[in-house]
Amino acid sequence: MKYICLVAVLTISLTLIYGVAMAANDVEIVLEAELANEIKGPMVIAVPGDAKDAGGIAPDEPSNGKYVWAPGAPIAGGGGSGFVRFIIDIPEDDTYAIWARVVAWDGNSDSCWVTWEPADPKEDPQQTGNNDFRWSIGNGAVWHWDRIEAWLDNDAHIDREWELPKGETILTLWTREDATMIDSLYITNDIAGGLANARVPDDDDRKLQIQGGVGRAVEAAGKLSITWGSVKSLY
Ligand SMILES: [Ca+2]
Ligand SMILES: [Ca+2]
Ligand SMILES: [Ca+2]
């Protein structure tokens with residue numbers, strides 16, 4: 001009985017310590033889409049004028065002046081090839097969610113496929129059409145945050161969460177419809193916090209994303225967060 005009590009106390013203590021530690025170590029990763037490790041055409045880096053040249057509405061200024069898209073006109077279909085890929089060094093085992101800052105003009109420019117290995121298999125959803133990886137994006141001609149979800153076969157929309165181990169991971173946003181615009185990403189393990197701490201990358205974040213690094217600690221909303229921009233080159 002004594003032993004059981006000791007185990008129980010230990011478990012509760014560890015849970016408390018772990019809980020406190022987690023609260024102090026929220027991870028936030030902010031990335032510029034245009035600084036992806038790999039961009040495969042027809043996905044390209046663009047500026048607002050490019051959207052207007054394609055016949056649509058030029059969006060307001062994106063973070064860092066640039067975004068990525070597979071060029072296309074409003075209304076028209078298109079898409080299905082190309083991607084942007086990020087090699088992200090995850091600082092601790094945990095469950096993560098992603099919000100993307102996007103413009104989606106209309107029903108023909110408002111979706112992507114998303115896989116994040118190793119939580120997701122190494123699968124090309126452009127080939128398999130697996131709707132577990134299909135993301136339907138909220139429409140809007142100005143930059144807005146949209147959480148990455150799964151738009152399933154039964155038409156259900158489920159917010160996605162990825163259980164990831166510490167270490168190297170591969171996040172790929174695959175073109176599904178052309179003219180879908182992606183400016184930046186906000187990734188966090190503070191999923192319940194939603195967009196409370198969301199922000200676009202600043203100069204330090206971009207430097208981390210380009211050069212890699214050990215992240216930096218920032219004080220946000222009274223708690224310490226780790227901003228992690230450690231990304232690696234594919235080659
Ligand atoms: Ca669509
Ligand atoms: Ca389109
Ligand atoms: Ca950007």
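# Starting from one loop

Let's begin with Ala179, which sits in the loop between β13 and β14. One thing to keep in mind as we go: this is a predicted model. Ala179 has a phi of near 75 degrees, a positive value in a residue other than glycine. Is Ala179 buried or exposed? A residue counts as buried when 20 or more other C-beta atoms lie within 10 Å of its own. Ala179 has 27 other C-beta atoms within 10 Å, so it is buried.

Now compare another spot with a positive phi. Asp155 has a phi of about 75 degrees, and Asp155 is not a glycine either. You'll find Asp155 in the loop between β10 (149-151) and β11 (157-159). Asp155 has 8 other C-beta atoms within 10 Å, so Asp155 is exposed.

Let's step back and take in the whole chain. It has four helices and 16 strands. Buried residues make up 35% of its 235 residues. Take the contacts with a separation of 6 or more: 73% of them involve residues 24 or more positions apart. How confident is the predictor? The mean pLDDT of the protein chain is 86, and 80% of its residues reach 70 or more. Over residues 4-24, though, the pLDDT is below 50, and this stretch has three contacts in the model beyond near neighbours in sequence.

Which residues of β14 are the bridge partners of Val30 and Ala97? For Val30, the partner is Tyr186, and for Ala97, the partner is Thr188. Why can we call β14 largely enclosed by the rest of the structure? Because eight of the eight residues of β14 are buried.

That brings us to the interior. In soluble globular proteins, nonpolar side chains tend to be buried together. Here, the largest nonpolar core has 45 residues, and Val68, Trp69, Val114 and Ile182 touch the most other members. The elements that give two or more residues to this core include β1 (26-32), β4 (67-69), β7 (111-117) and β14 (181-188). The largest share, seven residues, comes from β6. Leaving aside its neighbours within four places in sequence, Val68 is in contact with residues including Ala33, Ile39, Met43, Val84 and Ile182.

A cis peptide bond joins Gly41 and Pro42, with omega at about 10 degrees. Pro42 lies in the loop between β2 and β3 (44-46). Another cis peptide bond joins Glu117 and Pro118, and its omega is about 10 degrees as well. Pro118 lies in the loop between β7 and α3 (125-128).

Finally, let's look at a helix. Which residues of α4 (residues 203-211) are buried? They are Asp205, Leu208 and Gln209. The face of α4 turned away from its buried side carries the exposed residues Asp203 and Gln211. Just after α4 comes Gly212, which takes a positive phi of about 75 degrees.

Notes:
Residues numbered from 1 in each chain as written. Chains lettered and ligands numbered in written order. Core = buried A, V, L, I, M, F, W, Y, C linked by C-beta atoms within 7 Å. Buried ≥ 20, exposed ≤ 12 C-beta atoms within 10 Å, placed from the backbone. Contact = placed C-beta atoms within 7 Å. Pairing = 2+ DSSP bridges. pLDDT = per-residue confidence, 0-100.
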